[in-house]
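Please prepare a short briefing on the structure below.

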Amino acid sequence: MIYIKTEEDIEKIRECCLLVSQTLAMLAPLVKPGVSTEYLDGLAEEFILDHGAEAPCKGYYGYPNATCMSLNDVVVHGIPSAKTIIKEGDILSIDLCTCKYGFIGDSAYTFAVGNISDEVAKLLKTTKEALYKGIEMAVAGNRVGDISNAVQTYCEARGYSCVREMVGHGIGKSMHEDPQVPNYGRRGQGPMLKENMVICIEPMINMGHYNITIDKDGWTARTRDRKWAAHYEHAVVVRKGKADILSDFSIIEKALETR
Ligand code: MF3
Ligand code: CO
């Protein structure tokens, strides 16, 4: 069942998504060598609560933290840990949700730690560009497969692979609503996109093969070949002609410039 949102619902989701972006912007200058992912997670949770919101990832099917911190070969759902210390040259995807007024916001950004190799920088750039290629297709009258195909085509043409087992999703009163939004697929296939649907588009892109494994903790999704992966996510409203992006990377990138 795909829920169509009212304008009032959308403004609530927008506020949640902007708080996600503000949280990521707050963390941005702190994503540096020597810092643990647990420390960053604690700051994020405090920031969310201080802004009158909740952190709905914590407790979601037993997930232990407010954020997912996915380092290098971890694609998504990395559990923050005091033992995971980030170092120069790493990449860290931070994915988090906020909840306010009964609605949820969700967005993710992959950060470079200090200087990263040209090869890895290209992975990040391509994954972010693929997200915007997908968003271009998130207009009323298109189908989910048009988004999926745009992401897949863009990444595969550049030598990367698109994770199959994890997908984007609708969002609203629940973190994961219909429709599923895969990062691979065929044009013209899947559910029709209608005005005021809200969906999260989140390319999870690997340098090597698309296969992943899940660690014994039941969450950490890692590339099977242990090559690195990147992940960016925006929540968007499907509109006529052009999607409305609810999360905001510009404040994150402004915070990065001043670090
Ligand atoms: N933003 C994540 C997603 O869309 C949510 C993390 S799952 C959780 O998959 F269990 F950590 F909450
Ligand atoms: Co998501």
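Strand 1 (residues 67-71) is largely enclosed by the rest of the structure, because five of its five residues are buried. Buried here means under 20% relative accessible area, exposed over 50%, and partly exposed in between, with a 1.4 Å probe and protein chains only. The model is predicted: local features need pLDDT of at least 70, side-chain atom pairs count only at pLDDT 80 or more, and totals for chains, interfaces and linings use all residues. Residues are numbered from 1 along each chain as its sequence is written, chains are lettered from A and ligands numbered from 1 in the order in which they are written, and side-chain values use heavy atoms, with hydrogens and water left out.

- Strands (E, at least two residues) and helices (H or I, at least four) are DSSP runs numbered from the N terminus.
- In a regular strand, side chains alternate between the two faces of the sheet.
- Both faces of strand 1 are covered, with Thr67, Met69 and Leu71 buried on one side and Cys68 and Ser70 buried on the other.
- Strand 1 pairs with strand 3 (residues 91-100) in the antiparallel sense over five bridges; pairing requires that DSSP finds at least two bridges between two strands.
- Aspartate 95 in strand 3 is the bridge partner of cysteine 68.

- Histidine 169 in strand 6 (residues 168-170) and glutamate 202 in the loop between strand 8 (198-201) and strand 9 (204-206) are 33 residues apart, a pair that links distant parts of the chain.
- Histidine 169 counts as buried at 4% relative accessibility, and glutamate 202 counts as buried at 6%.

**Largest pocket**
- The largest pocket holds about 460 Å³ of space.
- A pocket is an open set of points on a 1 Å grid over the protein atoms alone, where a 1.4 Å probe fits, with protein on both sides within 12 Å along at least five of seven lines; lining residues have an atom within 4 Å of a point.
- His77, Val167, His169, His176 and Glu202 are the closest to the pocket centre of the 25 lining residues.
- Strand 7 gives the largest share of the lining, four residues.

**Aromatic pairs**
- There are seven aromatic pairs in the structure.
- Rings of Phe, Tyr and Trp (its six-membered ring) pair if their centres lie within 6.5 Å; planes under 30 degrees apart count as stacked, over 60 as edge-to-face and the rest as tilted.
- Tyrosine 60 and tyrosine 61 are edge-to-face, because their ring centres are 4.9 Å apart and their planes at 85°.
- Tyrosine 60 is partly exposed at 25% relative accessibility, whereas tyrosine 61 is exposed at 71%.
- Tyrosine 109 and phenylalanine 111 form a tilted pair, with ring centres 5.0 Å apart and planes at 50°; both residues are buried.

**Backbone features**
- Aspartate 178 and proline 179 are joined by a cis peptide bond, with omega about 0°.
- Histidine 77 has a positive phi, near 60°, in a residue other than glycine.
- Histidine 77 lies in the loop between strand 2 (74-76) and strand 3.

Key. Points joined across faces, edges and corners; volume = space filled by probe spheres on them.
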